[in-house]
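Open the model in your viewer and keep the sequence panel beside it. The tour below says what to select at each stop and what is there.

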Amino acid sequence: MLKNNKIKVKNICCLGAGYVGGPTMVVLAEKCPQINVFVTDIDKKKIERWNSEKFENLPVYEPGLSDLVKKCRNKNLFFTTDIKHAIEISDIVFISVNTPTKTQGHGAGYASDLKWVESSTRIVGQFAKGHTIIVEKSTVPVRTAELIQKIISHYKTDELDTDINNKKTFSVLSSPEFLAEGTAIKDLEFPDRVLIGGDDNDALNTLSLIYQEWIPIKKIFRTNLWSSELSKLTANAFLAQRISSINAISSLCEPSGADIKEVSKAIGADSRIGGKFLQAGPGFGGSCFQKDLLNLIYLCRFYNLDSAADYWEQVIKLNEWQKKRISQIIIEAFFGTLSSKKIVLLGYSFKPNTNDIRESPAIRIALDLIENGANVFIHDPKVSESQIRNSIEIEKTYQKTKNSINGNWSYEKDLEKIVVDADAIVTVTEWEVYLNLDWRGINKLMRRPSWLFDTRGIINEKELLDTEINFWQVGKGFVLKN
Ligand code: NAD
Ligand code: UGA
């Protein structure tokens, strides 16, 4: 480890106080108490929530996050909407803004919408003073740094200008983030690696010294800008591909008598394959896998690599199919009639230990069930009723069906109440609280015939002995009672 005094950076600013900007800067502030960290956002309410006295109101839920915020906030960690001031005084500006898939115009449905990255770059150009290192933390298409460099070059002062107070120069680096939600703090504190892409050695050294405060140097990889950008998209594409691969096999296990858990264990023991990311489920969710795959597909097509694009597109198609397949299994178990059936969804976030529901498979499953007339009751330990409302009621399927079919949804906080008179329970997110439920007790409260659909493979079949609950599990199939 290198000593603190080698770090010349005094102030850091981050544009974007979301799921990446927030936790990343909180950890940076905790690890580097000698640096002031300013986390900014154009969303005033979000910043107010980051500054909330009540730590349960922080806009991001992550295990361990609120303790770090408590420790650092208003000491060397500041959440502020004063973007101008934060940029003016900062040596490094991280861009951690959203880069969603474009919904209209050129590349719609595939390409990333870079308007927030562009506007962030212009804001930095406008307010920066002295030399500023701009770090791309958002996930972006390969060669986005070139766009940033082109925009920022218009704000640069003339090299011959000797007035030190007027001087404005920039370096652009790429340092994508690999944290996963739900384990963000651990991932940030003990990353497998961090990437720094760029060609300006001074800037590379400056950023590397900061990471070295808590990350072993052998885990800090230096690459060129484009490798760094592409590695991020590639990592997500490979991870998503593994999930689609195991989900495809889960569908084959069910009719053939194989058990996906046994298959996962058997193949995962091969050190060339490895045991992680082999958990079959209702399809991957989250804000990034699909978006980053679409982005990769767009890039392949842009470079006329249609076969490569088709290959990656199949990962998304399989994921969509898996979600649909699970809804279909539930609907068919009730012979196609879900009207006046109470179906309980356990879990709504796209994975446990986060309140994030972006692209959660729960949304698709809930909509399919409502469309078929079910009364869907939703429980989640961290997702709020208004988040659920926003996700369901803006969907076209819901708008189309709400007047013609009786299906509806409600939110219930109490796990004991929600199961009363349920026709079916569906485990959608593997929150810890669902792992040890008293199925014999629940059995007494459900309506007959009763069903449990375990889309995450978290229920041990033995726990259903002495119950009348019919059971279906992903990658295993049916165990019928009546
Ligand atoms: P987010 O939507 O939670 O947060 C982005 C924030 O940026 C929003 O609060 C938005 O208001 C703010 N913003 C937009 N323009 C701004 C501007 N000009 N100045 C200040 N703030 C601005 O998104 P996120 O999940 O944090 O993702 C951010 C980026 O990180 C994306 O590119 C994503 O692909 C990538 N990423 C996300 C994750 C993840 O787990 N969510 C992990 C790795 C990488
Ligand atoms: C993912 C990557 O894991 C991070 O490295 C990356 O930084 C991030 O995307 C990003 O760029 O946003 P995240 O989406 O937060 O992180 O969570 P994951 O743990 O990857 O899970 C994604 C989805 O895959 C979840 O819906 C999860 O339930 C599902 N999944 C994961 C499975 O169905 N099976 C598995 O074996 C693993």
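Start by selecting Gly373: just after helix H13, this residue has a positive phi of about 95°. Helices (H or I, at least four residues) and strands (E, at least two) are DSSP runs, numbered from the N terminus. The model is predicted, so local features need pLDDT of at least 70 and side-chain atom pairs count only at pLDDT 80 or more, while totals for chains, interfaces and linings use all residues. Residues are numbered from 1 along each chain as its sequence is written, chains are lettered from A and ligands numbered from 1 in the order in which they are written, and side-chain values use heavy atoms, with hydrogens and water left out.

**Helix H13**

Now select residues 361–371, which are H13; nine of its 11 residues are buried, so the helix is largely enclosed by the rest of the structure. Buried means under 20% relative accessible area, exposed over 50%, and partly exposed in between (1.4 Å probe, protein chains only). Among the buried residues are Pro361, Ile365, Asp368 and Ile370. Show their surroundings: the buried residues of H13 pack against elements including helix H12 (306–333), helix H14 (385–393) and strand S10 (375–379). Contact here means heavy atoms within 4.5 Å.

**The seven-stranded sheet**

Next, colour the open sheet, whose seven strands follow the order S11-S10-S9-S12-S13-S14-S15 with mixed pairing. Two strands pair if DSSP finds at least two bridges between them. At the edges are S11 and S15 (477–479), each with a single partner strand, so one side of each has no neighbour in the sheet. From one strand to the next, the twist averages 20°. S14 (residues 469–473) and S15 run antiparallel and are joined by three bridges. Select Phe471 to find its bridge partner in S15, Val479.

**Strands S7 and S8**

Move to S7 (residues 194–197). Which residues lie on each side of S7? Val194 and Ile196 are on one side, Leu195 and Gly197 on the other, and all are buried. S7 pairs with S8 (residues 220–223) in the parallel sense over four bridges. Opposite Ile196 is Arg222 in S8.

**Helices H9 and H10**

Finish with H9 (residues 225–256) and H10 (residues 260–268), which pack at an angle of about 135° with their axes 9 Å apart. Axes are lines fitted to C-alpha atoms, for helices over the stretch in contact, and angles run from 0 to 180 degrees between N-to-C directions. To see the contact, select residues including Ile246 and Cys253 of H9 and Ile260 and Ile267 of H10.
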